[in-house]
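Trainee: Pick one part of this model and take me through it closely. Then place that part in the rest of the chain.

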Amino acid sequence: MNPLIRQSSQRLPKLAALICLAPTVGCAPDLPLPDPDTHRAGIEAWQAERFAELREPEGWLSVVGLYWLESGANSFGADSSNDVVLPGGNGVPARAGSFILDGDTVRMEVNPGVRITHQGAPVGSLLLASDLSGRPTVARLGSLLWYVIERQELKGIRLKDTANAAIEEFAGVESFPVALEWHIPARFDRYDPPRVIAVPNVLGMVTEQPSPGAVVFRVAGKKYRLDVTGDPEAARFSLVFGDRTNGQETYGGGRFLEVTAPDERGRTFIDFNRAYNPPCVFTAFATCPLPPAQNRLTVRIEAGEKMYHGAGHGDG
């Protein structure tokens, strides 16, 4: 063989490796694919765990109300004249008390003779920490419970009913058939420094969330990328994505997915078999994020959960 040809052929593997490491080129990472039976068993176990969580008494299927508070006193009870109308049939009195919104604080004042508890003890007046604190103050009355949520300048009462019929009626969510072809090798394009991306939600608000990077992958030979959110040092990242099945087989507001952080060479997998519905599919009283513009894929992702035809925001 001509020495020049031999030297050139010896350099080809190194050249190919350099090309695959270049951040602007999408080469399929050389991670081994799992055994198909092992992969399927893992997806089925994950689905069973997810459905069990949805059936929990205080899960998303228990959410039956969301009431945005006005400044000052907001009365609550079973009577329809209240600002916050609680469902009857739970021993709820016509007038149970008031939620007092004063600047950044919400205080609950309970009417005399009404038994509302916090951590098992009856209360008459209680300052309510919101969900942004990480440990919201939960009040209970019969099968009902509630706490304060904050969404930008809004503060509201999220109401749950642990005896909600939707919990008993839930029989799982239909999914596309599990397929190893949707367990896709991906490259992680790390942002240094991390970026901040705008994420809209169903309320019409936009929040800024930190993004440590994007996963880059191929479907049918075409390259795509999805921005993730989360701590750059976390073991897993989150993302919200849309695709061409939205509004047909899947929820119009997109789906959620988690991605394992990459290895030292920037390699990971994106497994669309684990794409799952946001809470808005299960209740009309959630405040779900929507896919950022850059996370709306122009391809059908026929994997993961399909639409759940329950009491949520609808097929959207």
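Mentor: Start at Cys288. Its relative accessibility is 3%, so Cys288 counts as buried, the cut-off being under 20%. Keep in mind that this is a predicted model. Cys288 is bonded to Cys280 through a disulfide, with the sulfur atoms 2.4 Å apart. Cys280 is buried as well, because its relative accessible area is 0%. Now the geometry. The link of Cys280 and Cys288 is right-handed, with 120° about the S-S bond. How many disulfides does a search of the whole structure find? The search finds one.

Turn to the charged pairs. The structure has 13 salt bridges. Take Lys306 and Glu174, whose side chains form one of them, N to O at 3.4 Å. This pair connects distant parts of the chain, 132 residues apart. Lys306 sits in the segment after β17 (267–271). Glu174 is in the loop between α3 (165–169) and β12 (183–200).

Next, Arg255 and Asp243. They form a salt bridge with closest N and O atoms 3.1 Å apart. Arg255 belongs to strand β16 (residues 255–260), and Asp243 to the loop between β15 (236–241) and β16, so the bridge ties together parts 12 residues apart in sequence. Both ends are under cover. Arg255 is buried, because its relative accessibility is 0%. Asp243 is at 7%, so Asp243 is buried too.

Compare that with Arg300 and Glu302. Their salt bridge brings N and O to 2.8 Å at the closest. Arg300 has a relative accessible area of 28% and is therefore partly exposed. Glu302, at 36%, is also partly exposed. Elsewhere, salt bridges with shared partners join Asp104, Glu150 and Lys155 into one network.

Now the sheet. Five strands make an open sheet with mixed pairing, in the order β3-β2-β4-β5-β8. Why is one side of β3 and of β8 left without a neighbour? β3 (84–85) and β8 (125–127) are the edge strands; each has a single partner strand, so one side of each has no neighbour in the sheet. Look at the β3 edge. Strand β2 (residues 72–77) pairs with β3 in the parallel sense, over two bridges. Gly77 has Val85 in β3 as its bridge partner.

Finally, the whole protein. It has three helices and 17 strands. Of its 316 residues, 46% are buried. Cys280 and Cys288 belong to that buried class, and so do Arg255 and Asp243. Then sequence separation. Take contacts between residues at least 6 apart in sequence: 60% of them join residues at least 24 apart. The salt bridge of Lys306 and Glu174 spans 132 residues. Last, the surface. The protein exposes about 16000 Å², and carbon and sulfur atoms supply 53% of that area.

Terms used:
Residues are numbered from 1 along each chain as its sequence is written. This is a predicted model: local features need pLDDT of at least 70, side-chain atom pairs count only at pLDDT 80 or more; totals for chains, interfaces and linings use all residues. Side-chain values use heavy atoms; hydrogens and water are left out. A salt bridge is a side-chain nitrogen of Lys or Arg within 4 Å of a carboxyl oxygen of Asp or Glu. Helices (H or I, at least four residues) and strands (E, at least two) are DSSP runs, numbered from the N terminus. Buried means under 20% relative accessible area, exposed over 50%, partly exposed in between (1.4 Å probe, protein chains only). Contact means heavy atoms within 4.5 Å. Accessible areas come from the Shrake-Rupley method with a 1.4 Å probe; for residues, only the protein chains shown count as cover. Two strands pair if DSSP finds at least two bridges between them. A disulfide is a pair of cysteine sulfur atoms within 2.5 Å.
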